[in-house]
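Trainee: I would like to learn how to read a structure like this one. Please take me through it step by step.

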Amino acid sequence: MAAMKPRTGDGPMEVVREQRKLVMRIPTDGGGRLVVELNDEEAEELKNALSGVINVS
(Lines give C-alpha, C1' and ligand atoms only; values in the text may rest on other atoms or scores of the structure.)
Protein backbone atom coordinates (compact mmCIF):
# COMPACT_ATOMS: atom_id res chain seq x y z
CA MET A 1 0.00 0.00 0.00
CA ALA A 2 1.42 3.35 -1.00
CA ALA A 3 2.04 6.02 1.60
CA MET A 4 -0.31 8.96 1.33
CA LYS A 5 1.17 12.44 1.39
CA PRO A 6 -0.84 15.18 3.06
CA ARG A 7 -2.21 17.87 0.77
CA THR A 8 -1.26 21.30 1.93
CA GLY A 9 -1.74 24.77 0.54
CA ASP A 10 1.71 25.74 1.72
CA GLY A 11 3.90 27.37 -0.84
CA PRO A 12 3.79 30.45 -2.98
CA MET A 13 1.28 31.41 -5.61
CA GLU A 14 2.79 30.60 -8.99
CA VAL A 15 2.07 31.08 -12.67
CA VAL A 16 3.78 29.12 -15.46
CA ARG A 17 3.40 29.27 -19.22
CA GLU A 18 2.54 26.01 -20.96
CA GLN A 19 2.32 26.05 -24.75
CA ARG A 20 -0.76 28.26 -25.42
CA LYS A 21 -1.95 28.86 -21.86
CA LEU A 22 -0.96 30.17 -18.45
CA VAL A 23 -1.45 27.91 -15.43
CA MET A 24 -1.95 29.70 -12.10
CA ARG A 25 -1.74 27.75 -8.84
CA ILE A 26 -3.14 29.48 -5.75
CA PRO A 27 -2.83 27.98 -2.23
CA THR A 28 -6.23 27.72 -0.52
CA ASP A 29 -7.37 27.77 3.09
CA GLY A 30 -7.73 24.28 4.47
CA GLY A 31 -5.08 22.84 2.15
CA GLY A 32 -4.87 22.15 -1.52
CA ARG A 33 -4.45 24.48 -4.45
CA LEU A 34 -6.81 26.20 -6.81
CA VAL A 35 -5.54 25.66 -10.36
CA VAL A 36 -6.72 28.06 -13.08
CA GLU A 37 -5.85 27.87 -16.77
CA LEU A 38 -5.96 31.17 -18.68
CA ASN A 39 -5.14 32.30 -22.18
CA ASP A 40 -3.35 35.63 -22.73
CA GLU A 41 -6.59 37.55 -23.23
CA GLU A 42 -8.12 36.21 -20.02
CA ALA A 43 -4.92 37.00 -18.10
CA GLU A 44 -5.06 40.60 -19.35
CA GLU A 45 -8.72 40.88 -18.25
CA LEU A 46 -7.79 39.51 -14.81
CA LYS A 47 -4.93 42.00 -14.52
CA ASN A 48 -7.26 44.89 -15.37
CA ALA A 49 -9.92 43.71 -12.92
CA LEU A 50 -7.41 43.35 -10.09
CA SER A 51 -5.73 46.70 -10.77
CA GLY A 52 -9.12 48.36 -10.32
CA VAL A 53 -9.47 47.11 -6.73
CA ILE A 54 -5.94 47.12 -5.32
CA ASN A 55 -3.99 50.10 -4.05
CA VAL A 56 -0.68 50.32 -5.93
CA SER A 57 1.86 52.60 -4.26
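Mentor: Start with the terms: helices (H or I, at least four residues) and strands (E, at least two) are DSSP runs, numbered from the N terminus. Leucine 22 has its place in strand β2. This is a predicted model, in which local features need pLDDT of at least 70 and side-chain atom pairs count only at pLDDT 80 or more, while totals for chains, interfaces and linings use all residues. Residues are numbered from 1 along each chain as its sequence is written, and side-chain values use heavy atoms, with hydrogens and water left out.

Trainee: In what order do the elements run from the N terminus on?

Mentor: The order is β-β-β-α, with one helix and three strands in the protein.

Trainee: How many bridges join β1 to β2?

Mentor: Two strands pair if DSSP finds at least two bridges between them. Here five bridges join β1 (residues 14–18) to β2 (residues 21–27), and the two strands run antiparallel. Glutamate 14 stands opposite arginine 25 in β2. The two strands form a hairpin with two residues between them, and glutamine 19 in the turn has a positive phi of about 40°.

Trainee: Is leucine 22 buried or exposed?

Mentor: Buried means under 20% relative accessible area, exposed over 50%, and partly exposed in between (1.4 Å probe, protein chains only). Leucine 22 has a relative accessible area of 15%, so it is buried.

Trainee: Which residues is leucine 22 in contact with, leaving aside its neighbours within four places in sequence?

Mentor: Contact means heavy atoms within 4.5 Å. The partners of leucine 22 include Val15, Val36, Leu38 and Ala43. The C-alpha atoms of leucine 22 and alanine 43 are separated by 7.9 Å.
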